[in-house]
Amino acid sequence: MQVDRILVFGAFGHRLDHMFSNVNALIKVKAFTPSPIYLIGNHQQAFLLDSGEHHIYISDLEVIKWCGLVPVSEPVVSKTTGLKWNLDGETMEYGALISTSNEVIENHITINCDGRLLWMMGD
């Protein structure tokens, strides 16, 4: 069966260990399906971005209050537009720079990256 997207509801719950397990599942499942997979919680959602150029469209800026980008394995060089604090070729990695507590300020966001990132946003 071919599906155009997979939605995982209740993906964040109330336990940090379960949230990390769901992000890990996102990475593992990519090997089995070309369909995008979205983790959805009560007030947030997240999905993986592979290396390349990505366009995210937000229809109502009043709904999305925050966003973040974090690398999921290796360091990632990124450039963004449409955010309050855009990245301009910085390298993100754990233990150094990650992009959290950012804000969406335009309806069209672009993200260019040379590795896999987790995009998250919420109200």
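**A first walk through the model**

Let's begin in strand β8, where serine 99 has its place. Before going on, please keep in mind that this is a predicted model. Is serine 99 buried or exposed? At 8% relative accessibility, serine 99 counts as buried, since the cut-off for buried is under 20%. Setting aside residues up to four places away in sequence, serine 99 touches Gly68, Leu69, Leu87 and Met92.

Now look at another serine in that strand. Serine 101 lies in β8, which covers residues 99–102. Here the relative accessibility is 60%, so serine 101 counts as exposed. The backbone of serine 101 deserves a look as well: its phi is near 55°, a positive value in a residue other than glycine.

Staying in this neighbourhood, let me point out leucine 97. Leucine 97 sits in the loop between β7, residues 88–92, and β8. With a relative accessible area of 34%, leucine 97 is partly exposed. Which residues does leucine 97 touch, not counting those up to four places away in sequence? They are Leu87, Glu90, Thr91 and Met92. If you want a sense of distance, find serine 59: it is 38 residues from leucine 97 in sequence, and the two are 29 Å apart in space, C-alpha to C-alpha.

Next, the helix. Helix α1 runs over residues 16–29, and at 1.5 Å a residue its 14 residues should span 20 Å; the end C-alpha atoms are 20 Å apart, which agrees. Which residues of α1 are buried? Met19, Val23 and Leu26 are. They cover an arc of only 45° around the axis, so they are on the same side of α1. Here is a general point that helps: an α-helix has 3.6 residues a turn, so residues three or four places apart point the same way.

And what covers those buried residues of α1? The cover includes β2 (37–40), β3 (44–49) and β10 (117–122).

Let's zoom in on one of the three, leucine 26, which has its place in helix α1. Leucine 26 is buried, with a relative accessible area of 3%. Leaving out residues up to four places away in sequence, leucine 26 touches Ile37, Leu39, Phe47, Leu48 and Leu118. Take Phe47 from that list: leucine 26 and phenylalanine 47 are 21 residues apart along the chain, and their C-alpha atoms are separated by 7.8 Å.

Phenylalanine 47 is worth a stop of its own. Phenylalanine 47 is buried, with a relative accessible area of 11%. How many aromatic pairs does the structure hold? It holds one. The rings of tyrosine 38 and phenylalanine 47 have their centres 5.1 Å apart and their planes at 70°, so this pair is edge-to-face.

In soluble globular proteins, nonpolar side chains tend to be buried together. The largest nonpolar core in this model has 18 residues, and those with the most contacts inside it are Leu69, Val104, Ile109, Ile111 and Trp119. Strands β3, β5 (66–71), β9 (108–113) and β10 each supply at least two residues of this core. There is also a second, separate core of twelve residues, which includes Ala11, Met19, Ala46 and Leu118.

I'll finish with two loops. In the loop between α1 and β2 we find serine 35. At 4% relative accessibility, serine 35 counts as buried. Setting aside residues up to four places away in sequence, serine 35 touches Gln2, Val3, Asp4, Arg5 and Ile6. With one of these there is a polar contact: a polar atom of the serine 35 side chain lies 2.5 Å from the backbone oxygen of valine 3.

The other loop joins β4, residues 52–57, to β5, and aspartate 60 is found there. Aspartate 60 is partly exposed, with a relative accessible area of 37%. A polar atom of its side chain lies 3.0 Å from the backbone nitrogen of glutamate 62. And where along the chain is asparagine 107 relative to aspartate 60? The two are 47 residues apart, while their C-alpha atoms are separated by 7.4 Å.

Technical notes
Residues numbered from 1 in each chain as written. Predicted model: local features only at pLDDT ≥ 70, side-chain atom pairs only at ≥ 80, totals over all residues. Heavy atoms only, no water. Helix = DSSP H or I, 4+ residues; strand = E, 2+ residues; numbered from the N terminus. Expected span 1.5 Å × (residues − 1). Buried < 20%, exposed > 50% of the residue type's maximum accessible area, 1.4 Å probe, protein only. Arc of directions from axis to C-beta. Contact = heavy atoms within 4.5 Å. Core = buried A, V, L, I, M, F, W, Y, C linked by side-chain atoms within 4.5 Å. Polar contact = N/O pair within 3.5 Å; in protein donor to acceptor, adjacent residues only side chain to side chain. Phe/Tyr/Trp six-rings, centres within 6.5 Å; stacked < 30°, edge-to-face > 60°.
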